[in-house]
Amino acid sequence: MISSAPPRSTPCLNSDSTSELSSDSATQGRITAAFGRRFLVECADGRVRDCVTRGKRTDYACGDQVSVTAQNDGQGVIDNCLPRQTLLYRSDRWKQKLIAANVTQMVTVVAPVPSFDLDVLDCCLAAAEHAGIRPLIVLNKADLPESAKSAVALELYTAMGYPLLKLIATQGVDELRAHLTGHRSVLVGESGMGKSTILNQLAPQVRALTQEVSASLGTGKHTTSHARLHHLDAGSDIIDTPGVQSFGLHHLGVADLASAFIEFRPYIGQCRFRDCRHLEEPGCAILAAHEAGHIDTRRLAVYRRLAAENLRQQKQF
Ligand SMILES: Nc1nc2c(ncn2[C@@H]2O[C@H](COP(=O)(O)OP(=O)(O)OP(=O)(O)O)[C@@H](O)[C@H]2O)c(=O)[nH]1
Ligand SMILES: [Mg+2]
Ligand SMILES: [Zn+2]
């Protein structure tokens, strides 16, 4: 399925003229695709409706459970959102970008070619930690010789306790499939890492557009343009998302940010000052742990950059 916004008149996927509703009716459903102000909602009757929102609301995400006024033409209006178990999102100074709702697992895909940025991985992991979503790191393209170097860089994360799976998505994803059972997972990562290739291996009927194809069509660097949810089996879903260049965490205050870096946790509460921001305060237990070699220098630098951005923003507003 090609991830471009369908025309407004897209018919419902399970169209059955004999079961047309005679008038608008209230129902519930799950958002399976998010196209800005339009959403595909898989409703309780199994029909996928092409929905708009009330009041031009856009703060819904793929995976959200919503109340819908269903119309008899395969379309509908989303009335509101049911309480979310989780919400994965990123934010910069100006806006928030909802990525996926009600997911239990975030699969961050990295690959040696094109190269990936460890700082982006750190931000993805911190967002998942903050949202209470279980993280899994996938090192894809393990067939490429450059992957040995990537594997060494990722040892830091396995030492922290993060599960890591090496994959050659073009050859098979059986090992990953086992990790997805019983979860609603979201694939995140930079562009070109192989997220949609993984999806196609998991669910070949989806036929998501991948970079080889998009390159030949000249559609540019990012291949997947919208988040889409697919069912793997009765109890497991997967959401493919567009590649990210950065993963802003402006929504995390300094205290939340520090506890989202899991290796900081044993030291939180042990600093001299109760409101320590772990930047350069005397008696900081986290800085001391870094000095003692228990916290990685680059990870600490990522934390300090994010914390400083957050504090600057607070001063401005
Ligand atoms: N060598 C090798 N290439 C792979 C592997 N998995 C995916 N690729 C290639 O990597 C390229 C990018 O794959 P996509 O699946 O489009 O990447 P994506 O992460 O979905 O990218 P965006 O949609 O832009 O975020 C394609 O040319 C794939 O064929 C792998 O295991 N090994
Ligand atoms: Mg893709
Ligand atoms: Zn401190």
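Where is the place of His278?

Mentor: In this predicted model, His278 is found in the loop between helix H6 (254–260) and helix H7 (285–291). The backbone at His278 has a positive phi of about 60°, although the residue is not a glycine.

Lys141 may be read alongside it. Lys141, not a glycine either, has a positive phi of about 65°, and its place is in the loop between strand E9 (134–139) and helix H2 (147–159). With 23 C-beta neighbours inside 10 Å, Lys141 therefore counts as buried.

A positive phi also occurs at a glycine: Gly36, with a value of about 70°, sits in the turn of the hairpin that E1 and E2 form with 2 residues between them. Strand E2 (residues 38–43) runs antiparallel to E1, and 6 bridges join the two; Ile31 stands opposite Val41 in E2. Strand E1 (residues 25–35) also pairs with strand E4 (residues 65–70), in the antiparallel sense and over 6 bridges. In that pairing, Arg30 stands opposite Gln65 in E4.

One further backbone feature concerns a peptide bond. Val113 and Pro114 are joined by a cis peptide bond, with omega about -15°. Pro114 lies in the loop between strand E8 (105–110) and helix H1 (118–131).

Definitions and conventions. Residues are numbered from 1 along each chain as its sequence is written. Chains are lettered from A and ligands numbered from 1 in the order in which they are written. This is a predicted model: local features need pLDDT of at least 70, side-chain atom pairs count only at pLDDT 80 or more; totals for chains, interfaces and linings use all residues. Two strands pair if DSSP finds at least two bridges between them. Helices (H or I, at least four residues) and strands (E, at least two) are DSSP runs, numbered from the N terminus. A residue is buried if 20 or more other C-beta atoms lie within 10 Å of its own, exposed if 12 or fewer, and partly exposed in between; C-beta atoms are placed from the backbone.
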